[in-house]
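Look over the sequence and the fold before reading on.

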Amino acid sequence: MSIEHALSDEEQLSQLQWYFGEHHPQPDAAAPWGRQQDGEELEQAAGELEQWAARLPDRLTHTAMMLLGSALDHTMPGHAWIDGITATTSPYGTVFTPTGSGTIAATPTGRWGIALHGGSFWRGDGASRDHAWHPEVAALAQLTGITILDVDYPLYPTPLNDAVEQVREAAAWAREQSTNSGQDSSEVPASSKNQNSTPLAWYGASAGAALALIAAQPQDRLVATRPLLTLNGLPDAYRRDVTLPQPGAWPTTLIQQGSHDTRVQPYAELHPDTDNTNITVETYVADHMIIVPTEARRRHRDAATYLRA
């Protein structure tokens, strides 16, 4: 039975969390270094998580319609704003290009951006990327008019510095595309050792936000949504010499954190004594994965507004 009277955003989130706990509980999300599994068991665990995350946007919409009222708009961003986008492959991942048509379509700007999926550095490149993350990135491209490259970076157990290098190479390639926007991208070489100063827009989620903060340059603009802001807890053999910069070295950054997110530490808890004018923190009614659909759309609009500036 749906609840037709108005609920606060907090009450709506509580309803969604209860329903998911009862009917769609999230599989164990522990990283490989915290498990007693390997081989086929670990692969199966990753697959279960990927399938759960892939179905999350649709399940959030359907659950909200049942519990929060079918007369309300419970569309998630990846369904609301993706009809004016073309997707193509590149040497570094999928490129989402806005056409200027479609629902609430921004005029294409010729600018480029980088998107980096979450997944705790060990997953996120399977079903969840195709069915949840890519629609989210496409929606952001449509709302901003920015062409966005979703980077297919290597995951654990490949050392983290390899992922950082891959992201930096992809960013160099994207900067060249932005500089030579009237030229065939296949004719434009990239060099991670000679990046130009063309600014990029960055969008990273969870672990992808940490990668973005490591790889972005000062002239860039970055949205870190439900971000992982510390590398503590990663195995030394995986992390090696990779460090997360201090906030003063970040580009202009919007932190989007969940009001009930217990998976990652909030910015103010990690950096209580820092006051950087280049960092904005916004809070949304959400935990790390579950979010009220109206809040998901607000969060996405805020990200788009920030990256367009």
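## Salt bridges and the main pocket

Asp73 and Arg297 form a salt bridge, with their closest N and O atoms 3.7 Å apart. Asp73 sits in the loop between H2 and helix H3 (77-80) and Arg297 in helix H9 (residues 293-308), so this pair ties together parts 224 residues apart in sequence. The model is predicted. By the rule used here, the count is 8 salt bridges.

- Asp73 counts as partly exposed because its relative accessibility is 42%.
- Arg297 has a relative accessible area of 9%, so Arg297 is buried.

**Other salt bridges**
- Asp220 and Arg175 meet through their side chains at 2.8 Å, N to O.
- Asp220 lies in the loop between helix H6 (207-215) and strand S6 (221-225), and Arg175 in helix H5 (residues 160-179), so the pair ties together parts 45 residues apart in sequence.
- Both Asp220 and Arg175 are buried.
- Arg123 pairs with Glu50 in a salt bridge, the closest N and O atoms being 2.9 Å apart.
- Arg123 is in the loop between strand S3 (112-116) and helix H4 (127-144), while Glu50 is in helix H2 (residues 39-68), 73 residues apart.
- Arg123 and Glu50 are both buried.

**Largest pocket**
- The largest pocket has a volume of about 360 Å³.
- It is lined by 17 residues, and the closest to its centre are Trp33, Ser120, Leu228, Leu234 and Arg263.
- The lining divides into 9 nonpolar, 7 polar and 1 charged residues.

How values were computed. Residues numbered from 1 in each chain as written. Predicted model: local features only at pLDDT ≥ 70, side-chain atom pairs only at ≥ 80, totals over all residues. Heavy atoms only, no water. 1 Å grid on protein atoms, 1.4 Å probe; cavity = no way out; pocket = protein on both sides within 12 Å on 5 of 7 lines; lining within 4 Å. Points joined across faces, edges and corners; volume = space filled by probe spheres on them. Nonpolar A, V, L, I, M, F, W, Y, C, P; charged D, E, K, R; others polar. Salt bridge = Lys/Arg side-chain N within 4 Å of Asp/Glu carboxyl O. Helix = DSSP H or I, 4+ residues; strand = E, 2+ residues; numbered from the N terminus. Buried < 20%, exposed > 50% of the residue type's maximum accessible area, 1.4 Å probe, protein only.
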